[in-house]
Amino acid sequence: MPVHHFIPEEPLVESLTDALSTPLKLYPTKPEKVYVFGTCLVDLFYPEAGMSGVVLLEHAGVEVLFPQDQTCCGQPAYTSGYKEEARLVALAQMSIFGEDYPIVVPSGSCGGMMKTHYPRLFEGTEHHQQALDFSERIYELTDFLVHVCDLSLEDKGERTKIALHTSCSSRREMKTTDSGKLLLGQLKNVALVEPKKVTECCGFGGAFSVRHSEISSAMVKDKVMHLSNTKADAFLSSDCGCLMNIKGAAEKDKSALTLRRGEHLLSFVARRAGLIADGVEV
Amino acid sequence: MSTTTGSFQQRSDVAIQDKKLRANFLSAMDGLMEKRDLAFDDKTQLEALRILGAQVRQNALVKLPELLVELETKLTQRGVQVHWAQTPDEAVDIIQSITLKEKAQKIIKGKSMVSEEIHLNDKMEQVGVTCLESDLGEYIVQLAKETPSHIVMPAIHKNTAEIADLLHEKTGIERKEDALYMTEQARQQLRKNFMEADIGLSGVNFAVAETGTLCLVENEGNGRLTTTVPKTHIAIMGIEKVVEKLEDTAPLLSLLTRSATGQPITTYFNMISGPRKENELDGPETVHLVLLDHGRTQMYQDDELLDTLRCIRCAACMNHCPVYTRIGGHAYGFTYPGPIGKILMPHLEGLDDTQSLPTASSLCGACAEVCPVKIPIPDLLVRLREEANHPNPQDSYIKGAGIKRHGMEPVLWSMWRWWHQRGTRYHIMTSMLTKLHFLQPSKLAPWTNKRTLPKMAKKSFHQQMKARTDRLKKGALR
């Protein structure tokens, strides 16, 4: 049935058209400098992922600025329904990236918070325009390396088989699902396998994993099973929440031994490219 | 009203342990997702159609008061009696008084979720009127004395073997795990009832204001029989189901059938415009329409929550929901399960009774991605979480606002805010945490019931970056 029969000449509700259509994704030319927003999970649990991101950005010829006053994007409070608390923490973040450089984030979920949820968070406040402008500067780090920096890598590692977990926020908020694949595709000794039900959530969801722990556990159990079934040597994720959840469940699940080797995509890539060895810059 | 006992937590904990139930849902949902995907093979067309669908619905909502009046006027001109009900009780009263006037004993029903919403079958039973479901899925659910577990496939929680047992036990037919055989038997049983019923009761998929037409989408023909054989037809719908023009139904129908069952169109699409006219050979002598509010105007007051009312009840959100797939529809405990239920039921029943629904989501966004009318379900879940934790409930018009804001949680978030609002405070906190990393507990329930905890870093990313910057500076100076 040809769709043009249904398309009216004038949009029925004009104001809605913009809100409903998916905006075209546009990338800037490679800048001289970028800000890195580290995220709180990287800060406390996966600093090597952050360092790997920094090293990869510099390898691509971009200078990295890291404002020390950054803390957390505010997502934990936001998704728990504590809007005012989220807003105050988000406002603090928006005020410390003064220059007009892109802000790159080594996590789809924190990136998604800043890019897609800050505008809603500040709607109706005096900071709404600031939030809109700020959100336009947010990029997921892997995506930025691939599409803005045009990074090219040489694989210095042994042959290995890897399963990639793509997060819901990178898929549905940041629209960067393919970036990880493209980056890993440059590593000639890495065979990438896709697990079944790749688009299904791992069950993390922040406080959801604790509030509804039985449901969350059932979800991550299935995710571990699908990843395990790929017989990959390790799995990767560019989202620390998913990583913590899936790796934690795989470590507890005796049947999923191979997946104990889960790590952040950026850590893996930097190591393979010989930029980081034993957690130290080369 | 909750349809089963216990809390959401208790019900979902039980459901998740039920292996057979989970297997039934998993295979059914996998099938439905695949069918939908095949039905929308052209993704560009799908996107164009979704935008149009959302616009059609939004347009109708923007003009809702006028369109409802226009619908009433047009239907009344055609001889349809229009009734307005603000609450489920009022809707039940209206239907009971029609039944009384018609001296009706038996109602045959087409599928209607609004009739489930007002618990019509039980309420009619109380006044001695029998309601018999004629949709096959609803018929099965009624025989089992259950409620629908899915809004399009009411008996989806049962597999063929369970249905064979049920039909054998309750209707005495031979036990055969053969869907065709069972359908044929049910058809025979239902046919008699269509002839005997005094009243046919149906739902409405779209009501067209411009023409005064009630549209009914179905596959089994039971909808057509229900609305044409008995001498009285009662249609019941939520006030949001109205659309402006007849042509608006084309994209909505195309989106509905493909999203719901992967069909390009259903077997039947009924367009009902009034009772039998003089010289006409069939059709009901009287037609009634009951328009129900039941919390819908609460959503209507708010630009953001209004989006909930765009819903055309296709169930794609639940078919694609990883939570629904694992716990099934009954665990939600309310008429509408799944993602749409989580954003709808709090308005119908109040956040006080439904407070666990908005939190029971990882906000993965699979629902919004497939919604044919682009309802931003995750944003609305967050909004309802905000309402449940509203610091000043008196300023909110959401029933039950602020219900969750008690105990330690607000204090903890306030502390969290304090530590994260200034870089200096955050540094103090994180350097304490990393210094004391060896004190990290190995068990932190419920997280560690099924997972290990990640190890706290000895040096945070902040600390490593500071050391690195200092090192580079020194190098540059030298």
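Predicted model: local features only at pLDDT ≥ 70, side-chain atom pairs only at ≥ 80, totals over all residues.
**View 1. Overall build of chain B.** Chain B contains 23 helices and 10 strands. Along the principal axes, its C-alpha atoms fill a box of roughly 105 × 55 × 45 Å. Of the 478 residues in chain B, 57% are buried. Contacts in chain B between residues at least 6 apart in sequence join residues at least 24 apart in 72% of cases.

**View 2. Overall build of chain A.** Chain A contains 14 helices and 10 strands. Of the 282 residues in chain A, 59% are buried. Among contacts in chain A with a separation of 6 or more, 80% are between residues 24 or more positions apart.

**View 3. Two annotated spans of chain A.** An unreviewed UniProt entry lists residues 35–115 and 162–247 of chain A under "domain: Cysteine-rich". In the model, residues 35–115 of chain A are 53% helix and 10% strand, and the C-alpha atoms at the two ends of this span lie 15 Å apart. Residues 162–247 of chain A are 51% helix and 14% strand, with end C-alpha atoms 14 Å apart.

**View 4. The interface of chain B and chain A.** The contact involves 84 residues of chain B and 81 residues of chain A. About 7,100 Å² is buried between the two chains, and carbon and sulfur atoms give 62% of this area. Across the interface there are 29 residue pairs in polar contact, with both residues at pLDDT 80 or more. On the side of chain B that touches chain A, helix 3 (residues 43–62) of chain B gives the most, with 11 residues. The residues on this side of chain B comprise 31 nonpolar, 29 polar and 24 charged.

**View 5. Salt bridges between the chains.**

View 6. Arg383(B) and Glu387(B) form a salt bridge in which the closest N and O atoms are 2.9 Å apart. The two residues are separated by about one helical turn because they are four residues apart in helix 19 (residues 377–388) of chain B. Both Arg383(B) and Glu387(B) are buried. Through salt bridges that share partners, Arg383(B) and Glu387(B) belong to one network with Lys83(A), Arg120(A), Asp302(B), Glu304(B) and Glu386(B).

View 7. The side chains of Glu70(B) and Lys74(B) form a salt bridge, with an N to O distance of 3.5 Å. Glu70(B) and Lys74(B) are four residues apart in helix 4 (residues 64–77) of chain B, so about one helical turn separates them. Glu70(B) is partly exposed, at 28% relative accessibility. Lys74(B) is also partly exposed, with a relative accessible area of 26%.

**View 8. The loop between helix 8 and helix 9 of chain B.** The side chains of Glu146(B) and Lys158(B) meet in a salt bridge, at 3.3 Å from N to O. Both residues are in the loop between helix 8 (136–143) and helix 9 (160–171) of chain B, 12 residues apart. Glu146(B) is partly exposed at 31% relative accessibility, whereas Lys158(B) is buried, with a relative accessible area of 16%. Lys145(B) is found in this loop too. Although not a glycine, Lys145(B) has a positive phi of about 55°. With 71% relative accessibility, Lys145(B) counts as exposed.

**View 9. A positive phi in chain A.** Lys175(A) is not a glycine, yet its phi is positive, at about 55°. Lys175(A) lies in the loop between helix 9 (168–173) and helix 10 (177–185) of chain A. Its relative accessibility of 44% makes Lys175(A) partly exposed.

**View 10. A cis peptide bond in chain B.** The peptide bond joining Ala445(B) and Pro446(B) is cis, with omega of about 0°. Pro446(B) lies in the loop between helix 21 (423–435) and helix 22 (447–450) of chain B.

Definitions and conventions:
Residues numbered from 1 in each chain as written. Chains lettered and ligands numbered in written order. Heavy atoms only, no water. Contact = heavy atoms within 4.5 Å. Buried area = accessible area lost by both parts, 1.4 Å probe. Polar contact = N/O pair within 3.5 Å; in protein donor to acceptor, adjacent residues only side chain to side chain. Nonpolar A, V, L, I, M, F, W, Y, C, P; charged D, E, K, R; others polar. UniProt positions renumbered as here; feature names shortened; annotations may be inferred. Buried < 20%, exposed > 50% of the residue type's maximum accessible area, 1.4 Å probe, protein only. Salt bridge = Lys/Arg side-chain N within 4 Å of Asp/Glu carboxyl O.
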